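Thanks for coming. I have one structure to show today, and I will start from a single residue and then step back to the whole chain.

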Amino acid sequence: MYCPGVESEIAGKAEACAGCPNQKICSAAKPSEPDPDIDVIKQKMSSVKNVILILSGKGGVGKSTFTSMLAQILSEDDTKTVGVMDIDLCGPSMPRIFGVEQEQVHLSGSGWSPVFVEENLCVMSIGFLLKSPEEAVIWRGPKKNGLIKQFLKDVDWGELDYLLIDTPPGTSDEHLSISQYLQDTNLKGAIIVTTPQEASLLDVRKEINFCKKVKLEILGVVENMNMFVCPKCKHSSEIFPATTGGGQKMAEEMQVPFLGKIPLNSQIGKGCDEGRLFTKESDFIAKDILKSISESILKTIEP
């Protein structure tokens, strides 16, 4: 059931709150008192021109991979600066994908400094704060929300043209918190990632409804792992059959924009494992598709 949110008068008292580990915290909160950190976040994020959330109700659809590819495509314009914020706190993958696992976050007078992958591309993730890549983050909601706040108000992002925020699967604490904290910033909307099969689309429909309930604009749906083309015989195969029409039909039914289809390709997976900026390779198979998707997004947020 849908969470009413900590600012609601029925927080901790609604039927949906039964069994929630944060029920006592929400019911004890005073919704009439605004969160003082919202103003701090607003001021800190005022130097970021465009904030975009990357969402998906389903895990394993390649959301983090898509976020990294979009960031790389946007950063190919040397006049633009791009940041990536990884709030998938239990499964932070951005340090590995960008090949900066061994880097550390430095604290200065202006806050935490994000890790720079290129001169105009930086990333912040809890992965940089863990003792090892294998260390598990076993936190309840309030502690997760506290770190998300820190990433927004204590990281020295500087002047950014685009900040992409990679989120965990679902429609839970992290999603509600990030939507609330960014309400007075240049949050332009969300991109929703899915794969073609109905098992994924079921969860993605929930994510779309979540966005509508919290009044978060949907910039579009991306269908990832659409088709696999054998590099030797060039035969096309549907690894995830679109038995109900796939992401495009779902987007039409739910009246949200459809941005495009990205093929399943071993080059993408290998690039993520090796931590290299593979979109800069001239033979990268999905580069034209990603450019088309990014152009559609930019037309929406920068008319």
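Which residues does Asp-166 touch, not counting residues up to four places away in sequence? Keep in mind that this is a predicted model. The list runs Ile-54, Lys-63, Ser-64, Thr-67, Met-85, Asp-86, Ile-87, Asp-88 and Met-94. One of these, Ser-64, also makes a polar contact with Asp-166, side chain to side chain, at 2.6 Å.

Where does Asp-166 sit? It belongs to strand S7, which covers residues 162-166. Its relative accessibility is 0%, and buried means under 20%, so Asp-166 counts as buried.

Now the whole chain. Buried residues account for 49% of its 303 residues. As for secondary structure, the chain contains ten helices and twelve strands. Its radius of gyration is 19 Å, close to the 19 Å from the globule rule for 303 residues, so the chain is as compact as a globular protein of that length. Along the principal axes, the C-alpha atoms fill a box of roughly 65 × 45 × 40 Å.

On contacts: take those between residues at least 6 apart in sequence, and 77% of them join residues at least 24 apart.

Last, the surface and the charges. The accessible surface of the chain is about 14,600 Å², and carbon and sulfur atoms hold 50% of that. There are 32 positive and 41 negative side chains in the chain, with the centres of the two sets 4 Å apart.

That is what I had.

Methods
Residues numbered from 1 in each chain as written. Predicted model: local features only at pLDDT ≥ 70, side-chain atom pairs only at ≥ 80, totals over all residues. Heavy atoms only, no water. Helix = DSSP H or I, 4+ residues; strand = E, 2+ residues; numbered from the N terminus. Rg over C-alpha atoms; globule rule 2.2 N^0.38 Å. Buried < 20%, exposed > 50% of the residue type's maximum accessible area, 1.4 Å probe, protein only. Contact = heavy atoms within 4.5 Å. Areas by Shrake-Rupley, 256 points an atom, 1.4 Å probe, with all protein chains shown as cover. Lys, Arg positive; Asp, Glu negative; His and termini not counted. Charge placed at Lys NZ, Arg CZ, Asp CG, Glu CD. Polar contact = N/O pair within 3.5 Å; in protein donor to acceptor, adjacent residues only side chain to side chain.
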